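Have the model open as you read.

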Amino acid sequence: VGKLDGITRGNHEQRIWRAVGIDPLEHIADDLGVPYAAHAMLLVYHVGDQEYRTFVRHGTGNGASTVGSQANQLERAARVMEADIYLTGHTHTQLAFPRDDFRLRDAQSNTPLVRSYLRDGGRAFTYPADRVERAKMLFVSSGSFLAYEPYAAERGFAPANIGAPRVFMDGRRFDTHASV
């Protein structure tokens, strides 16, 4: 009890859903009283004085057979949702890396310091440096606990390293990191 924070559909459940309109994970999540999202979810963790937004989705391979192409696929999640941690699975590869981004602080009051008009009728805004903050994002692919399955041999996949990365969230200062 208390070990699952959420469940989201994977490619195997997607096949079942397409064939018969039932996602077995939705029923399992309901039985366990765990949040369920078919495609993606945002989990918010409060650790000590800090809040961490975690974007979770099963992920896809999209032909990503090298670690570099899998990292690129994982990093694309930042285009979908602003979060601190991005978690995916699917590729069975343990992978974790940080990336920084710039975010506009206090988005509620978007009063620009300077407004200039562009020739085509658009507008450009310049914000003071103290309104822009550097934000760390952590990207994590969850790994695998499967042996070398026949489908992996059939497709020529390398055996996965067994295990999963551990994600750490500091409760005193805003900091995340992962151990692979």
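How much space lies in the largest pocket? About 950 Å³.

## Ground rules

This is a predicted model, so to speak plainly: local features need pLDDT of at least 70, side-chain atom pairs count only at pLDDT 80 or more, and totals for chains, interfaces and linings use all residues. Numbering runs from 1 along each chain as its sequence is written, and side-chain values use heavy atoms, with hydrogens and water left out.

## The pocket

A pocket here is an open set of points on a 1 Å grid over the protein atoms alone, with protein on both sides within 12 Å along at least five of seven lines; a lining residue has an atom within 4 Å of a point. Points are joined across faces, edges and corners, and the volume is what probe spheres set on them fill.

The lining has 35 residues, with Val56, His58, Thr88, Gly89 and Ser142 closest to the centre. Among the elements giving two or more residues are helix 1 (11-20), strand 4 (50-57) and strand 9 (132-142).

## The cavity

The whole structure has 1 cavity of 30 Å³ or more, where a 1.4 Å probe fits but cannot get out. Thr60, Gln70, Leu74, Thr88 and Thr91 lie nearest its centre, out of 13 lining residues.

## Helix 3

Gln70, Ala71, Gln73 and Leu74 of helix 3 are buried (under 20% relative accessible area, 1.4 Å probe, protein chains only).

Note on methods: Helix = DSSP H or I, 4+ residues; strand = E, 2+ residues; numbered from the N terminus. Buried < 20%, exposed > 50% of the residue type's maximum accessible area, 1.4 Å probe, protein only.
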